[in-house]
Amino acid sequence: MSDQNKDRKDVKRDELWRSVDEYNAGGVTDETQYHEFAPGVKEEFDVDKELSGISRRKFLALMSASAAFMAAGCSDYRDKGELMPYNRKPDDITIGEANFYASTYMGCGHACGVLIKTREGRPIKVDGNPDHPVNAGKVCAKGQASVMDLYDPQRFSEPQTVNQGEYTPAKWQDVDGKVIAQLTLGGEGSAVFISHKVHSPTAIKLMGELQEKYKSVRFIYYDLFAAENRTNAWKKCYGEDSVPAVIKWDEADVILALEASLFGTDGNSIEQHRMIRDRRDVNNTKKFNRLYSAEANFTTTGANADYRIRIKPEHYYDFVLTLMNEVSKRGKGKGVIPESLSGKLSAFTVDAFSKKAQLSEKGRKSLNALIGDLVSNGSKSIVYAGEAVPEDVQVLVHLLNEVTGGSALYSDTVANVELHKYSTSKEIAGLVADMKAGKVSLLVNMDANPVYHFPKELGFEEALKKVKLVVSMALLPNETSYSSNFVLPLNHDFESWGDAKIRSNFTSTMQPVIAPLYNTRQKEAILLQWLSGKTDGYKDTNYLDYLKAAWKENYKGNNFNKFWAGSLHDGVSMITDAKVVAPKFTLKDVPTENPLKPGKTAVILAESYALGDGRHANNGWLQELPHTISKVTWDNYAAISEKTSKDLGAKTDSLIEVSLNGKKVTLPVLVQPGVADDTVIVELGYGRTKCPVVALEVGQDVSVFQKTMNEKVFTTATIAVAEGSYTLASTQDHYTYDKSIVNTDDAHLKRHIIQEGTLAQFIANPKFLKGEKPSSVSLYPNHEYPGVKWGMTIDLNKCTGCGNCSVACSIENNVPVVGKDQVIKGREMQWMRIDRYYSGTPEDPDASVQPMLCQHCDNAPCENVCPVAATQHSIDGLNQMVYNRCVGTRYCSNNCPYKVRRFNFFDFRDHFANGYYYEEPVNLANNPEVTVRPRGVMEKCTFCVHRIEEARSKALAEGRPLKGSDVKTACQEACPADAISFGDLNDKQSDFNLFHEHDLAYTVLEELNIKANVRYIARLQNTTAEEV
Amino acid sequence: MSNFIDYLLRIRLPIVVFVALVSFVFTFYASKAERDSVGYSPDQPIAFSHKLHAGTMQIDCQYCHTGVEKTRFATIPTAGVCMNCHTQARTDRPEIIKLTEYYKSGKPIPWKRIHETAQYAYFNHSVHVSRGIDCASCHGDVANMEKISQVNPFNMSDCLDCHRNPEKKLPYLKNVNKGPQHCWACHR
C-alpha cells in the first residue's frame, strides 16, 4: 500500500463502500448513520417562525367560529359542484381512457420516436415508439421529462419586445413585418439564422427556399455536443462526403469505449443500451459480450465495464498507438497502417505505456486482456472514442478499427443521414467578426442559445449589439432571448408538425398532440410566413399543408392520404433508400504527434446526461435526477481523484479555482473514485443566468474555458484551493444505517446487498451464489395469495444505472420536485432510486448499481408498526399505502430496511421555488389515475397499481383471468436495457417466474425473512478465463 | 357547599349528559341523509326528465352514458348527444330551446353533480357493469325520477357492505363473487 494510504483501514477487496470518506473511515462516514434525521434538520425548525403563532384564546375563538359556521352550513345539502361534459365530444376521446400518439422528440441530436400518452387531450407521459427502428420503444430521461417543458409556467405565451431583458408583449404581424423588410433589404449574408441540428428534410427544403428567395440569408448550424471531433476525423479518413457509419453493436463481442459514455451521452444511448446490454442475457451466456473502458472520467460505461483502465487525457494518443502496435505485431491489419506511422509504432509497447501512464497492476492486466481480445476477436470488436477525445486521436481510433478488422461492424444496410453540415469554428468566428464589422443586419436565433453556448472569447453577446435586428425564437426565456430585440414564442414539440430523417430506410413523423396552449407558432411556420413575404394569412395548418405537399412530391404510390395517415399513425414510414456505400479508409497522412501536450492538470468538459447542453436546465425532474455515478443533484462540480484532492488539501465540498486559458472558475470539489489523477471533470450545461427560476444559477458555466465548441479536453490547467466551502446535494451517503447493529464491518457483503460473480464461475457452477439459506421463522401467519401475486425481477447484468426509470416513475406517479435544500436534508421524493456501490480501491474502483424501490415484502416490517393501519397487505401481494389514513408518524419509514419510503415534509409543489410547480398549467401534467399527495403523508412505490387495476378491469370486461403479462410498470417500460421484468409469481410456468427463480436471482436482506417480492439477478463480470 | 356539589353531580351532570347524548343521537340520525347526500336533488340547468326518457320512452341508460362499459366513468352525455334527437324533436319547448342555445354556443352544460365518491376513491363503472350489476342497484329507480336525486349513500361502508355480501345485496346475480376488499382496489 502506498504512502498516502497509510492511515487507511485495511479494506477487503470485496467490501462495498459509497464514498471515499466512507472508504477511508472503514465504513463510518459520520454521525448520521446513528440518527433518524440528517444533521440540522430538527434544529432549524422554529415552531414560532415556521408555524403561525396563534394564541390559545384566538385558537378557541376560531374553533367556535368555525363550529358555528359548520352548524349554519348543516342546514342544507353540500354542494358538489358541476359536471362539465363536452359540448361536442371529439370522436377519438373516451373519457377516462388514454390515447397514444406517435411522434418524434427533437430535444437532442437523435430525434427518437416517441409515443405520447394523452388523457382527455393533454399529454401526460412520453415513452419510446416501439415501431421506431433506432430507439425501439424506449426514450431517455430528457425525452421522458419533456412533458414538463410543455407545461412550464414561464413559457412565452405571445411575441415579446425585449429591451435589456424586459419583456413586453408584441404582435406577430409587427415582428414579421420588420423581419421581412430586413430580409428583403439586406445584402448577401447579412441575415444570419442560427440553429441547432435540423433533423427534418422538409424544414431543410423550406430553409433552402427561404435562402433562394432572400439572397441575404445564411445559416449557421451548431451544437455544443455534436460529436464533431469524431465526425471530422471520420471525414478525414473516409472522405468529406462520408458520414460516420452505423455500428452493429449487437454483433460486437468486444467493445472498447475510449472516454466514451456509451450508456450516457455518447452516441444514441438508448440504442446502445438495447444492442449492447441485450448481449448480457444470463440465459444465453454464450453470447456475452465484453466491455472495456479506458477513461479519465468515471462514467456509467466505466462502471459497467468488465475491465476499466484509468488513463489521463494526455495518454489517449499513446494508448491508441500502443493498442495498434501490439495488435499489428500479432499479425493484424497488414498493409493498413500508413508508412508515416508504422515506422514510429514500435516504440509503443505495453511496457512503455504502463510506465508512462503509471498503470496500476489492475490496469496493466486489463490492457493485456484488451489486446488479447482485440487480436482474437478482430472483426467482432469495435473501438469507440467519445466526445472529449481530440480529432487526431479519433483519426487513429478509426484507423485502429481498420487494423483490428473491427470496421466489419460498420453497418452495410443502414447509414446515418446528414441533412446539413455543422458550421466550422472558423465560420462561427467569421460570423462574429462580420457582426462586429456591422455586416450583419438581421440575426435570427432559431431555438438555439448562442449567447450561452458560443465560446465567450468570441464576444458574441457584445457583437449582438451591432446587429440591427435580433430575433429569438424560444420556448423559455434564455440568455440569447434576453439580448434580442424581439422574441417569437415557439410551439413545444408536442404542439408541432414535422418529420425527421436520421438514418436511411425510414423517415419519422412528428404530429401535435395538443393544440398550442398559447399564441405560439412552430419554427417552420414562422419561416413559411417570412417566405410568403406577407404578414397576414397565418393559419396553424400552413406548415402542415407545406409538409404534406413535400411528402406528396416524394410519394410514388396512388393513395397519398392513406399513406400519410399511416405514417402519422406509426410515427415512422419505412422507405428504401440508396444502398450503403462501404466506407473506404483513404487517409495516408495520419497524425504522428500527440495533440495533447502533458501539462499540470487536465480538464475535461463533459456532457450532463440530464441537462444536455443546458437547454433542459429548467426542468426540475431532470435537475433532481441524481448524477449516474456521483449521485449529485442540482449542481455541477469538479470531480477529482483522491490523490489530487490530497495533494491540494481539498476534500468534497471544498472550493477550488480552476485556471485555464486565462480564465478562472471556482468550483466545488467532489472526490470521485476512479477519476484519473491531476484531472478535473466538470459538466457543461450549468450556470444559466437569464432563465426561469428552476435553472437560474444552478452550478457554474465552465464553457468560458472553450475557444471552440468542439474543444472539450485541456491539459494545461492549474488548480488551487479557494476560500470557503459549498454544499453539494449528493444522495450517495443517504440511507446509511448503523452498522454496529449488524456487528460487522463488511455489512454490505455479509448482508448480500450486492451479489456478483464472473461468467466463468457461473458456467462452472450455476448455483455458485446459492449459499446456505438463512433460517426463516415468522411469528405471523403467512399471507395467502389466491389469485395473482405481483413480483419484479431486475437484471443487474443489463441495468447500467442510467436513471431513466427514476424519471419515468416520477412522471407516472406525480412525484414532486423538492429542490436542492431538501435533497441535502435527504428528502428527495423519487420512489425509485439507483444505489451505487464501489468496491476495490478509490484509484481503481469497480462500481455496482442497484435500482432500489419498495420491495413489496410478504412480511413487510412497515405494516406491523403503523398505528393507524395506513399501510396494509393486499391480496395480490402488494404493500399498500393509504394516503387518507396516514397521519405521518413515519414509523413505517423507520422500520423499512430498504429505506424506500418517502415522506411529504412539505407540500413540495408549494414549497419548491415559491410554488413554481403550483402555477398554471403545471397541474395538467399530473396523471389523473394517481392521487397527488398532500403534506404530511408517507408515500412509496405502488408497483404502478393504477396500471394493475386498469389491466384488471380490462380483463374483467373481456371475461378472462388477469395475466401477469397484462401489466407493465412505468419503470419497466422506460428501461432502455429491458432490465426490469414484472409479472405474476403464482403463474409458475411463465417466463417471468422462471426468471424470478433463476439461479442468479437473490433478494436483498434475505436474512431478515421479510420475503421481498423484488429479486435481483446477480451481475456476472465477463472477465477472461485466466483470471478465475 | 357539599349540598351544592351534591346537586351538581346528582342532578345537573346527568341532565347535561343526557341532553347532550340525546341531541347528538338525534342530530346524528336526523342529519345522516343529508351528510350522505341521500335525497340530494338540486335544480339542474335544464329540467331533464329521466322518467320521460328512461321510463316512458325506454331509452337504454347506455345510449347517453356511453362510457359506463368502457371506463371508470359513466360519463354525462354531451350536448351533441341530446341533439341527436332534439334537432327534430320538441324543438319548440322552452327547455329544448335552452338546450339548443347551449349547443350552438359551444359551451358545456353545467349539470349539477349528484353522485360523488370521495376524491381519493377510484370507483370503476365498467368493472361493476361488466359483472352484470344493474345501474339501479346503486342509483335507484332512475327511470321513475322526474328530477334526478341520490337514493343510496356512497360511503366506504356502503361499498364494503356489498363487496362483503354481494349475494344479499344483489340477489339477482347468480354465482356472484365477493368484491375485492383491499385498499388499493379503490384507493391509490
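Keep in mind that the model is predicted.

I will start with the layout. Chain A is divided into five pieces: domain 1 (1-84), domain 2 (160-221 + 420-500 + 506-574), domain 3 (228-415), domain 4 (601-730) and domain 5 (755-771 + 791-1027).

Take domains 3 and 4 of chain A. Their C-alpha centres lie 27 Å apart. The contact between them draws 19 residues from domain 3 of chain A and 19 residues from domain 4 of chain A. On the domain 3 side, helix 7 (228-238) and helix 9 (300-304) of chain A each supply at least two residues. Helix 9 of chain A has the largest share of that side, with 3 residues. By type, the domain 3 side divides into 7 nonpolar, 7 polar and 5 charged residues.

Next, the other chain. Here 33 residues of chain A are in contact with 37 residues of chain B. Which elements of chain A each supply at least two residues of the side that touches chain B? They are strand 2 (82-83) and helix 32 (945-958). Helix 32 of chain A gives the most, with 5 residues. The chain A side divides into 15 nonpolar, 12 polar and 6 charged residues.

Strand 2 of chain A also pairs across the two chains. It is joined by 2 bridges to strand 1 (residues 111-112) of chain B, and the two strands run antiparallel. Within that pairing, Glu82(A) stands opposite Lys112(B).

Now the interior. In soluble globular proteins, nonpolar side chains tend to be buried together. The largest nonpolar core in this model has 278 residues, and the members that touch the most others are Leu258(A), Val320(A), Val603(A) and Ala638(A). Helix 10 (residues 316-329) of chain A contributes the largest share of this core, 8 residues.

That helix deserves a minute. Helix 10 of chain A has 14 residues and reaches 20 Å from its first C-alpha to its last, close to the 20 Å expected at 1.5 Å a residue. Is helix 10 of chain A largely enclosed or largely open? Of its 14 residues, 13 are buried, so helix 10 of chain A is largely enclosed by the rest of the structure. Leaving aside residues up to four places away in sequence, Val320(A) touches Val393(A), Leu396(A), Val397(A) and Leu400(A). After helix 10 of chain A comes Gly331(A), with a positive phi near 90°.

How values were computed:
Residues numbered from 1 in each chain as written. Chains lettered and ligands numbered in written order. Predicted model: local features only at pLDDT ≥ 70, side-chain atom pairs only at ≥ 80, totals over all residues. Domains from an automatic or database assignment. Contact = placed C-beta atoms within 7 Å. Helix = DSSP H or I, 4+ residues; strand = E, 2+ residues; numbered from the N terminus. Nonpolar A, V, L, I, M, F, W, Y, C, P; charged D, E, K, R; others polar. Pairing = 2+ DSSP bridges. Core = buried A, V, L, I, M, F, W, Y, C linked by C-beta atoms within 7 Å. Buried ≥ 20, exposed ≤ 12 C-beta atoms within 10 Å, placed from the backbone. Expected span 1.5 Å × (residues − 1).
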